[in-house]
Amino acid sequence: MEKHVDVDSLVELTSALVAVGTPNPPGNEAAVAPILRDALARWGPTWTEVEPAPGRLSLIAHVAAPAPPGPGTRRPTLIVNGHTDVVPVVPERWARSPFSPAVVDGRLYGRGTADMKGGVAAAICALATLEAAGSQPACDIVFQFVADEERGGAVGTRALMESGLLVGDACLVPEPTSLAVCVAERGLLQGGITVKGRPGHGSRPRDGISAIEHAAQVVLALHAADFGDPEHPLLGRPTANIGTLHGGSALNIVAEQARVGFDRRLLPGTTLEEALASIRLRLHEAGLDGIEYEIEVEDFGEGSEIDAGHPWPALVSRCVAGAIGHAPAFIGMTFTTDARFVRNQGGIPAVVCGPGDVAQAHGIDEWVEVSQLVQATAAYAELYRSFGPGWDA
């Protein structure tokens, strides 16, 4: 299948998507919609737009398989869910302009090449690859080009879910995994712990209660702490990171208030209530019952997983193996993707598998190997051909 990939078209489409900067915030994913529409126009898709806020556009393209299913059979629907926002960038720290993509020594550089406009382009170009191979999709394909994944998906895949648009038999999320097949990912709880003290004169610190002193104790109790969680075979033990600490109002005042910003990563099945309880229990075990504090939740996303023995990841694995020459690894991710909405709320089997190394995601001088874009395109083309009636038999 790889010999049928039009490498120039693949690089051109990836570059065109990257050249339209969509750092989130603010996102402005609507700006890439004309490129996506043009790339899929020849396949005559049915288009749906979801725009919960101005410029925050998620574009859905339903591409029907050209051949009707046989008598008594139903043609399955494959969701391809990929986000079009990227993380912010500081251009001065890059060796080249982040939104002027360029191929150097077999690598395509630019913000979003790995995470994940390269994966989106590969999924689109797989249609032409399959046609060049003299074949066609055995399934209907619903491309979901979604907004806001980098900030939790509230106006992206979550909005699609709340609109009843997560409908399909299986889902591929072409996030960067170096073409390993990801079947599990951690959840997250992010927020702040506001610690309260009692102000006093800075020359008499023990006459007051320092919120900063107590906040420091909270940091020591939570950061990289052992919460007693079980070990997951693919996800390891969940973690807690203290990312921010702010407090006090003046150098000569005992701090009345301080805020500790935390990022707690969770195993699949952990609820919001359980995650909050684990923080309170850890503070209790650290002897901090006397501290006055409040926990504010900023974002919560459930962990999710699918059994690696399920027919869907098994099929994806076979198609990837045909493109790379060996069986890909089954892996877990320490972070979250929009696959969680599809698995948990949609009840649809989903895998994350795409070109690019996650080590490049969110980094300076982000890049993806052109050869891996080609392999991904070939693998997706084979997947479109293989995901037909009876795929899970």
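This is a predicted model: local features need pLDDT of at least 70, side-chain atom pairs count only at pLDDT 80 or more; totals for chains, interfaces and linings use all residues.

**Entry 1: Ala-224**

I started with Ala-224, which counts as exposed at 62% relative accessibility. For my own notes, buried means under 20% relative accessible area, exposed means over 50%, and partly exposed is in between, with a 1.4 Å probe and protein chains only. Ala-224 has a positive phi of about 55°, although it is not a glycine. I found Ala-224 in the loop between helix 5 (211–222) and strand 10. Helices (H or I, at least four residues) and strands (E, at least two) are DSSP runs, numbered from the N terminus.

Residues are numbered from 1 along each chain as its sequence is written, and side-chain values use heavy atoms, with hydrogens and water left out.

**Entry 2: Leu-179**

Next I checked Leu-179, which is not a glycine either but has a positive phi of about 65°. Is Leu-179 buried or exposed? Leu-179 is buried, at a relative accessible area of 1%. I located Leu-179 in the loop between strand 7 (170–173) and strand 8 (181–185).

**Entry 3: cis peptide bonds**

I looked up Pro-25 and Pro-26 and saw that a cis peptide bond joins them, with omega about 5°. Pro-26 sits in the loop between helix 1 (7–19) and helix 2 (33–40). Asp-115 and Met-116 are also joined by a cis peptide bond, where omega is about -10°. Met-116 belongs to helix 3 (residues 113–132).

Then I traced an open sheet of four strands, in the order 10-11-9-12, with antiparallel pairing. Two strands pair if DSSP finds at least two bridges between them. Strand 10 (240–247) and strand 12 (292–301) are the edge strands, each pairing on one side only. On average, neighbouring strands of this sheet are turned by 20° against each other, direction ignored. Axes here are lines fitted to C-alpha atoms, for helices over the stretch in contact, and angles run from 0 to 180 degrees between N-to-C directions.

I went through the pairings one at a time. Strand 10 and strand 11 are antiparallel over seven bridges, and Ala-240 stands opposite Arg-264 in strand 11. Strand 9 and strand 11 pair in the antiparallel sense over 10 bridges. Leu-189 also stands opposite Arg-264 in strand 11. Nine bridges join strand 9 (residues 187–196) to strand 12, again antiparallel, and Gly-191 has Val-297 of strand 12 as its bridge partner.

Why is strand 11 largely enclosed by the rest of the structure? I noted that eight of the 10 residues of strand 11 are buried, so the strand is largely enclosed. Helix 6 (residues 272–285) lies across strand 9, strand 11 (257–266) and strand 12, running at about 145° to strand 12.

**Entry 4: nonpolar cores**

I counted on a nonpolar core being a set of buried Ala, Val, Leu, Ile, Met, Phe, Trp, Tyr and Cys residues joined through side-chain atoms within 4.5 Å. The largest one has 59 residues, and Leu-78, Phe-143, Trp-312 and Tyr-384 have the most contacts inside it. A second, separate core of 25 residues includes Leu-222, Ala-240, Phe-262 and Leu-276.

I then followed Leu-78, leaving aside its neighbours within four places in sequence: its contacts (heavy atoms within 4.5 Å) include Cys-139, Ile-141, Leu-172, Trp-312 and Tyr-384.

My terms: on a 1 Å grid over the protein atoms alone, a cavity is a set of points where a 1.4 Å probe fits but cannot get out, and a pocket is an open set with protein on both sides within 12 Å along at least five of seven lines; lining residues have an atom within 4 Å of a point. Grid points are joined across faces, edges and corners, and a volume is the space filled by probe spheres set on the points.

The largest pocket has a volume of about 500 Å³. Of its 21 lining residues, Glu-149, Glu-150, Arg-265, Thr-336 and His-362 are the closest to its centre.

The largest cavity has a volume of about 30 Å³. Helix 7 (311–324) and helix 9 (370–386) are the elements that give two or more residues to its lining.
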